[in-house]
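Thanks for coming, everyone. Please put the sequence and the structure up on your screens, and we'll walk through them together.

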Amino acid sequence: MKILAKWLALAVLLCTTPAKAALDIVITEGVDAARPIAVMPFVWQGPGAAPQAIADVVMSDLVRSGTFKPLDELGLPQRNIGTVAQFQANSWSSVGAEALVLGTVKPYGTDQYLVSFDLIDLVKAQNQALKGPVSATEFLMDSRQTVISAAQFRQYGHRISDIVYEKLTGIRGAFLTRISYVVVNHTQKAPYQLMVADYDGVNEQMLLRSPEPLMSPTWSPDGRRLAYVSFENKKAEIFVQDLYTQVRTKVSSFPGINGAPAFSPDGKSLAITLSKDGQPEIYIIDIATKAIKRITNHYAIDTEPSWYPDGKSLIFTSERGGRPQIYRVELSSGKVSRETFEGEWNLGGSITPDGRSMIFVNRTNGKFNIARMDLSTRFMQVLTSTRLDESPSVAPNGTMVIYGTTYQGKQVLAAVSTDGRFKARLPAGQGEVKSPSWSPFL
Amino acid sequence: MDLNKLLKAMLVALPIMALSACSSTSESETDAMGSTNGSGSELNGGGIQTGGVGAMLSAEEQQRQQLEDLRKQHIIYFDFDRSEVQTDFAAILEAHGTYLVEHPSVRVLIEGHADERGTPEYNIALGERRAKAVAKYLQGMGVQPSQMSVVSYGEEKPLDFSRTDEGFGKNRRAVLVY
């Protein structure tokens, strides 16, 4: 509870900073299962007030990962230490945490700062302290320093989180990533906005605003472009937009549906849905040449293509069995096989980056929730218990899923860990938030 | 327009007259009185009321009138995850079809919509199937395919934001836009 209260206080703090966060996270489940960790506020070694609190970024990242819960800093045995040299292992013998992050920040020329941090293995330190005095470097897991500008504090905080997370879990951190999503505010003249923000909702930027619907944003593998559907010409069309240059390219504008784009792993083509020949079918379109290749051919609805990480197969939603279920098509042979059988409907699937599981929307007893299926054992687990869940998008390290849901009659974003233990909600300020898409590693 | 109003008034008035003729209890009479008083404008006008009768319409005129009324309804609703046109909406579509056949230069846009259940991408497909079901129905009546175009908005443009079963029902629709 203490941690939660602290986290809430932190969220309030973040709200009051000029870069206002439209998406503030509320953790709804899974704090108790998280691993305790100690994060000390980084020691400011310059004149006047300290610049942004980098340790707060690290702490909130670790909380959001669902894997860690930082201890209350007020309860830590040492205060105001910034390097492993100041660390006294004996004082920490009763602290129930596996690791300690500490660091320093000092001025380093105009608008430049030198940030150093050390990651200490507390368990090892506690064990060795019992055997008598040892060199502090024995339990140092990592130690780095870098020069950053004032604008890079948050970014470098995420970088520290990535390192800490990977050292302690063996899994690459996904804190230096972004999300894109659609905000709909019907009280405004142009209600539909395509947004991009840091993975934690900070640094929200508008990429496109339109009086007509915007749908299905999805990232290119290099994290530089977004493909999406826009109805700006009163019909569905697929665009690719460069995030840096803002250049938009219309990729697909056939009669009928142009929808559900998904970049191929090499970034050169999109799997899309077209209904130009009658029913919605899966096609692959070359982004540069606009050449299309038809992949499916069935009188039922085929849509929502998503690539296997190896680029050799697609999964897609099809109604060919009577109800929406997920199928796989091998691109070289065109061979189609059904992947899901449990529940009334299964749709909107994607394969996790390790290729081992599939994340999708499952309908059981009329309820729509996010589910995961292990591709080797076929074991399916429903991950969420929120309402009208849709649009799941997996973090590039495969640990977390962001998805659209409904809370208090409004569309909001939520996150769930792929093991289903950690659950959080990202409430929006204005309007409805939907169609989240998690970027690749940036 | 006046004729139309009168016809509507008669449609409402006739069954009420028939009802009150059948029932002889004082309760229903007070109810009827209450509703008359409730309308208010007559009282403000110093108690003066006027009455009237509808013009005699030929069968053909009546039919035209009916079709015109029906054409004012331009939303066709669908069952969950279904895209078949329900018999309840046959009359509305007949009216639109007749009009479009008689006016081959008029074009109509058929919008397909879905409720918020399922995924947005699947709902786009479902919305298109609904709009196409309506187009096919009209084509069956002789409307030229060149007179009709179809667009699906899926769950992106709900009419009702309540996300209740009733709201979902209002959102599962095809809309005829002239």
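First, the ground rules. This is a predicted model, in which local features need pLDDT of at least 70 and side-chain atom pairs count only at pLDDT 80 or more, while totals for chains, interfaces and linings use all residues. Residues are numbered from 1 along each chain as its sequence is written, chains are lettered from A and ligands numbered from 1 in the order in which they are written, and side-chain values use heavy atoms, with hydrogens and water left out.

Let's go to chain B. Helices and strands here are DSSP runs, numbered from the N terminus (helices are H or I with at least four residues, strands are E with at least two). Strand 2 of chain B, residues 108-113, runs parallel to strand 3 of chain B, and six bridges join them; two strands pair if DSSP finds at least two bridges between them. If you want a spot to look at, find B:His113, which stands opposite B:Gly154 in strand 3 of chain B. To get from strand 2 to strand 3, the chain passes through helix 6 of chain B, residues 120-140, in a right-handed β-α-β crossover. Right-handed means that, with the strands pointing away from the viewer, the path from the first strand over the helix to the second runs clockwise.

Is strand 3 of chain B mostly covered or mostly open? It is mostly covered: of the seven residues in 148-154, five are buried. Buried means under 20% relative accessible area, exposed over 50%, and partly exposed in between, using a 1.4 Å probe and protein chains only.

Now the interface. Here 25 residues of chain B are in contact with 39 residues of chain A, contact being heavy atoms within 4.5 Å. Which part of chain B gives the most to this side? That is helix 6 of chain B, with nine residues. Between chain B and chain A there are five salt bridges, where a salt bridge is a side-chain nitrogen of Lys or Arg within 4 Å of a carboxyl oxygen of Asp or Glu. A:Glu319 and B:Arg129 form a salt bridge, with their closest N and O atoms 2.7 Å apart.

Over all chains, the count comes to 29 salt bridges. A:Glu98 pairs with A:Arg35 in a salt bridge, again with a closest N to O distance of 2.7 Å. A:Glu98 sits in the loop between strand 4 and strand 5 of chain A, and A:Arg35 in strand 2 of chain A, so this pair ties together parts 63 residues apart in sequence. A:Arg35 is partly exposed, at 29% relative accessible area.

Another salt bridge joins A:Lys234 and A:Glu212, at 3.6 Å between the closest N and O atoms.

Back in chain B, the side chains of B:Glu116 and B:Arg163 meet in a salt bridge at 4.0 Å, N to O. Both partners are covered: B:Glu116 counts as buried at 4% relative accessibility, and B:Arg163 is buried at 3%. Finally, salt bridges that share partners join A:Lys276, A:Asp277, A:Glu281 and A:Arg294 into one network.
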